[in-house]
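Please keep the sequence and the structure in view while reading.

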Amino acid sequence: MTTTKATATVVLVVFLFMLDACSRTQPHANLAPQFKEKIKKNKELVFIDSSHLGASMDGAILSLHFFADSKVHLYTWGNGFSNYPGTYAFTENNGIDLSFADQRWPRLRLSKQGDLLALGRRDGLKALEKSYVHTDENGTRREVDDGDIYPEARPLIFPLIQRIPDTKQGPAK
């Protein structure tokens, strides 16, 4: 009888844990209108990495700043500061594709974590590797690790979480 209760308890705990995890990051109905509304209200929508190991004021090693007209800026902190302008496009099932001249990003998916929006990789991985596209003197392009991002923080980057704008100062900084 004790073994049965213990087994039932373990199964219940695992079920509740999985239910909680799914509810926090579960993709919802089309989130693009909410995404666009936040940009309209704050002039930008900022997502920061979840590593908390970076050099920026909020502990991020990278941030994505989304603007109207499908414009996005990637900022990285590490061995220096880098800024990469690019564009974004919504795809099916809350997907977002990013396009940068010198950065190759995995396909992302927009979801909700509580009241905040979150960006995760569509393939479910938490890492960002080989994101920098290097063109050598012969014009050959290849992906290499991005030296601007702290290597030890890469496995902890995703999900990217919406930064809450400081209402006293206006749009997110």
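In this protein, residues 24 or more positions apart account for 52% of the contacts with a separation of 6 or more. The model is a predicted one, and every value below is computed from it. Its secondary structure consists of two helices and ten strands, which follow the pattern α-α-β-β-β-β-β-β-β-β-β-β when read along the sequence.

**Burial and surface**

- Of the 173 residues in the protein, 39% are buried, where buried means a relative accessible area under 20%.
- The protein exposes about 10,300 Å², and carbon and sulfur atoms supply 57% of that area.

**The barrel and the helix across it**

- Eight strands close into a barrel with antiparallel pairing, in the order β1-β2-β3-β4-β5-β6-β7-β10, and the twist from one strand to the next averages 30 degrees.
- Strand β1 (residues 45-48) runs antiparallel to β2, to which four bridges join it, and β1 also pairs with β10 in the antiparallel sense, over two bridges.
- Strand β10 is joined as well to strand β7 (residues 116-121), again by two bridges and with the two strands running antiparallel; in this pairing Ala118 stands opposite Ile161 of β10.
- Helix α2 (residues 32-42) lies across β1, β2, β4, β5, β6, β7 and β10, and the helix runs at about 140 degrees to β4.

**Strand β1 and Phe47**

- The side chains of β1 point two ways, with Leu45 and Phe47 on one side and Val46 and Ile48 on the other, yet all of these residues are buried.
- Phe47 has Leu64 as its bridge partner in β2, and Phe47 stands opposite Gln162 in β10.
- Phe47 also belongs to an aromatic cluster, in which ring pairs link Phe35, Phe47, Phe66, Tyr88 and Phe90.

**Aromatic pairs**

- A pair of aromatic rings is described by the distance of the centres and the angle of the planes.
- With ring centres within 6.5 Å as the criterion for a pair, the count comes to eight aromatic pairs.
- One of them joins Phe66 and Tyr88, whose ring centres are 5.0 Å apart and whose planes stand at 80 degrees; because planes over 60 degrees apart count as edge-to-face, this pair is edge-to-face.
- Phe66 lies in strand β2 (residues 62-67) and Tyr88 in strand β4 (residues 81-91), so that the pair links distant parts of the chain, 22 residues apart.
- Both partners are buried by the 20% criterion, Phe66 with a relative accessibility of 0% and Tyr88 with a relative accessible area of 7%.
- Trp105 and Phe158 form another edge-to-face pair, because their ring centres are 6.0 Å apart and their planes are at 80 degrees.
- Trp105 lies in the loop between β5 (95-100) and β6 (108-113), whereas Phe158 lies in the loop between β9 (141-144) and β10 (160-162), so this pair ties together parts that are 53 residues apart in sequence.
- Trp105 counts as buried at 9% relative accessibility, and Phe158 is buried too, with a relative accessible area of 3%.

Definitions and conventions. Residues are numbered from 1 along each chain as its sequence is written. This is a predicted model: local features need pLDDT of at least 70, side-chain atom pairs count only at pLDDT 80 or more; totals for chains, interfaces and linings use all residues. Side-chain values use heavy atoms; hydrogens and water are left out. Rings of Phe, Tyr and Trp (its six-membered ring) pair if their centres lie within 6.5 Å; planes under 30 degrees apart count as stacked, over 60 as edge-to-face and the rest as tilted. Buried means under 20% relative accessible area, exposed over 50%, partly exposed in between (1.4 Å probe, protein chains only). Two strands pair if DSSP finds at least two bridges between them. Axes are lines fitted to C-alpha atoms, for helices over the stretch in contact, and angles run from 0 to 180 degrees between N-to-C directions. Contact means heavy atoms within 4.5 Å. Accessible areas come from the Shrake-Rupley method with a 1.4 Å probe; for residues, only the protein chains shown count as cover.
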